[in-house]
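Here is a short briefing to read beside the structure. Keep the picture open and look up each residue as you meet its name.

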Amino acid sequence: MRDGVKLRGLLPGGASTDFLLEEHLDVKMDFDSVQKAGSRLGTGTMIILDDQTCPVGMVQNLERFFAHESCGWCTPCRDGLPWTARLLQAIDDGEGRPGDLERLALHSGC
């Protein structure tokens, strides 16, 4: 990390993986170890956030990208990705409402 900033979290295998936190920095970077820590290696492309980067804004950016790049054939991609991006944008803009995070979790299968 750069001087003056701290690790907020990381996606160890790209956009489709779950966040790991500072407490996971000693986890071996192999498939089994990362899975036991609660994520996946996926593409092996790490996305690292410092404490000056908003995770909601970062995830919203990913969702907006996937909504734009989706082929649009299936309902979850065609309708779900833009809906998720809009909801995350509202949260990032300070216009979120009670229950938004629960709604995201419900519709994401978390």
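**A first look at the fold**

Met1 is exposed, with a relative accessible area of 57% (exposed means over 50%, buried under 20%, and partly exposed in between, using a 1.4 Å probe and protein chains only). This is a predicted model, in which local features need pLDDT of at least 70 and side-chain atom pairs count only at pLDDT 80 or more, while totals for chains, interfaces and linings use all residues. Residues are numbered from 1 along each chain as its sequence is written, and side-chain values use heavy atoms, with hydrogens and water left out.

**Overall layout**

- The protein chain has four helices and two strands (DSSP runs numbered from the N terminus: H or I of at least four residues for helices, E of at least two for strands).
- Along the sequence, these elements follow the pattern β-α-β-α-α-α.
- Taken along the principal axes, the C-alpha atoms fill a box of roughly 40 × 30 × 25 Å.
- Of the 110 residues in the protein chain, 26% are buried.
- The accessible surface is about 7,700 Å², and 55% of it belongs to carbon and sulfur atoms (areas come from the Shrake-Rupley method with a 1.4 Å probe; for residues, only the protein chains shown count as cover).

**Nonpolar groups, inside and outside**

- Met1 lies in the segment before strand 1 (7–11), and together with Met29, Met46 and Ile48 it makes a nonpolar surface patch of about 410 Å².
- Such a patch is made of residues with over 30% relative accessible area and no salt bridge, with nonpolar side chains (Val, Leu, Ile, Met, Phe, Trp, Tyr) joined within 5 Å and like charges within 9 Å.
- The largest nonpolar core has five residues, namely Leu7, Leu10, Leu20, Val34 and Leu41 (a core is a set of buried Ala, Val, Leu, Ile, Met, Phe, Trp, Tyr and Cys residues joined through side-chain atoms within 4.5 Å).
- Not counting residues up to four places away in sequence, Val34 touches several residues, including Pro12, Leu20, Val27 and Leu41 (contact means heavy atoms within 4.5 Å).

**Helix 3 and what follows**

- Helix 3 (residues 75–92) has 18 residues and reaches 25 Å from its first C-alpha to its last, close to the 26 Å expected (1.5 Å times one less than the number of residues).
- Its buried residues are Leu81, Thr84, Ala85, Leu87, Leu88 and Ala90, and their cover includes helix 2 (55–69) and helix 4 (100–108).
- Just after helix 3, Gly94 takes a positive phi of about 80°.
- Gly96 sits in the loop between helix 3 and helix 4, and at 39% relative accessibility Gly96 is partly exposed.

**Salt bridges**

- A search of the whole structure finds four salt bridges (a side-chain nitrogen of Lys or Arg within 4 Å of a carboxyl oxygen of Asp or Glu).
- Asp18 and Arg40 meet in one of them (3.5 Å, N to O). Asp18 is in the loop between strand 1 and helix 1 (31–36) and Arg40 in the loop between helix 1 and strand 2 (47–50), so the pair ties together parts 22 residues apart in sequence.
- Arg103 pairs with Asp100, their closest N and O atoms being 2.6 Å apart; they are three residues apart in helix 4, which means a separation of about one helical turn.
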